[in-house]
2 protein chains.
Amino acid sequence: MAPQPLPCARPTRADAARNYDRLVTAARETFAEHGTDTSLEEIARRAGVGIGTLYRRFPSRTALLEAVYVDEIQSVCDRAYDFDRELEPFDALAAWLRSFLGYGLSKGSLASELTVALGKESPFFQICKANVQEAGHLLLDKAKAAGEVRDDLELADVMRLVGGINMGRDIEPKQANRLLDIVLCGLRPAAS
Amino acid sequence: MAPQPLPCARPTRADAARNYDRLVTAARETFAEHGTDTSLEEIARRAGVGIGTLYRRFPSRTALLEAVYVDEIQSVCDRAYDFDRELEPFDALAAWLRSFLGYGLSKGSLASELTVALGKESPFFQICKANVQEAGHLLLDKAKAAGEVRDDLELADVMRLVGGINMGRDIEPKQANRLLDIVLCGLRPAAS
DNA sequence: TTGCAAAGCGGAGGATGCCTCCGTATCGTA
DNA sequence: TACGATACGGAGGCATCCTCCGCTTTGCAA
């Protein structure tokens, strides 16, 4: 059964849609650079819109954070399907896993601030997780069918391993990628 | 090797110690009742001290949250040693596990707001976790030695099971306790 | 193409919270 | 008992939150 679609309320009118995109982009970039405690007024300034415009579209800080998070999850899912089309199964899985190094409950992260606001087991997080899992299952199943990974792998195993990398304190991207390389070697079928 | 002691900077001078206690107690009660986004001014009012007094002792919101969290962790650890003295091994373990139902990354919880501020893998959390694990190992090892739990149990297993109960969305205490009863039955050695 | 209703925009202003400063009070030791 | 060191607390300045309302833009129907 396909999961519930990601909650996204992008407006249809041109000027409103343009400002929605500007706000989500400004928020994402600002959070990545300064952490999520940047003021809404600062985000509106960086988006080039008025604070009233931000509040018309996002009635609370949490609403904006959700929109940014959904945008990221949508990208994670889109990439899975893109990699599936463009790459061999194992390479697709590897590229996909590499693309979300850096996500997790680190200091000032989107996920951690949304956890405060909604709780870790909220319906919101569960829908997002379900969508990511659907995409991940596609890639993993294809890699298995191609004989390119161990047959006993569950998606939960893979996500756990990547989550472990993400849990490291302030991990350097270089080290994160090196650790992922190690994990990817381990996913290969055992020599026989 | 015993873990690093919990970070606690309770002052020694009588009036300062008294206000420290009042602030930590007021903060804990307010957070339990209204979530952790209560203003510091409100907490100072409820503690019956001035905002300057709060800031002299806790230079930031995070510092106060840490003090409250450490106080809770200290209680968790103290209870383990108390139960160890007062109860049979299995009963001690059961009472201890029951005493921290309700902790976790729920909406507005202390742990989740501290995760935003510090990161889930921060030294602060690691010290707290190490202290809890030391206390937990004491109780589990004694229950094993008495033959009252399965021999193959690791503390991580038990914590995972209780953590799973805590992860439920807005779980009712009655349901949480019922689920714990189920887990406790499962911890018993298999009939042979 | 034009007109117009509906939707959108944005920034001033009031409320609240954060945080510092400094005159006053209390503690604890000699 | 005295006094130096430490603690107290609330006013005030600044930043952020959030609403309101006059003005602007959009998009559809005639």
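Which residues are buried in helix 4 of chain B? Keep in mind that this is a predicted model; here are my notes.

1. Starting with that helix: the buried residues in helix 4 of chain B are L64(B), L65(B), E66(B), A67(B), V68(B), Y69(B), V70(B), I73(B), C77(B), A80(B) and F83(B). An α-helix has 3.6 residues a turn, so residues three or four places apart point the same way.

2. As for what they pack against, the buried residues of helix 4 of chain B meet helix 1 (14-34), helix 5 (89-99), helix 6 (110-118) and helix 7 (123-145) of chain B.

3. A quick check on helix 4 (residues 61-86) of chain B: its 26 residues at 1.5 Å each should span 38 Å, and the end C-alpha atoms sit 37 Å apart, so the two agree.

4. Over in chain A, the domain assignment gives domain 1 (10-59) and domain 2 (62-187). Ten might be a handy number to remember here: the contact takes 10 residues from domain 1 of chain A and 10 residues from domain 2 of chain A. On the domain 1 side, the touching residues are six nonpolar, two polar and two charged. The C-alpha centres of these two domains of chain A are 26 Å apart.

5. Now the DNA. There are 23 residues around DNA strand C, and N19(A), G50(A), G52(A), A14(B) and S39(B) come nearest. By type, the surface near DNA strand C splits into eight nonpolar, seven polar and eight charged residues.

6. Both chains' helices feature there: helix 1 (14-34) and helix 3 (51-57) of chain A, plus helix 1, helix 2 (40-47) and helix 3 (51-57) of chain B, each supply at least two residues. Helix 3 of chain A gives the largest share, four residues.

Key
Residues numbered from 1 in each chain as written. Chains lettered and ligands numbered in written order. Predicted model: local features only at pLDDT ≥ 70, side-chain atom pairs only at ≥ 80, totals over all residues. Domains from an automatic or database assignment. Contact = placed C-beta atoms within 7 Å. Nonpolar A, V, L, I, M, F, W, Y, C, P; charged D, E, K, R; others polar. Expected span 1.5 Å × (residues − 1). Buried ≥ 20, exposed ≤ 12 C-beta atoms within 10 Å, placed from the backbone. Near = placed C-beta within 6 Å.
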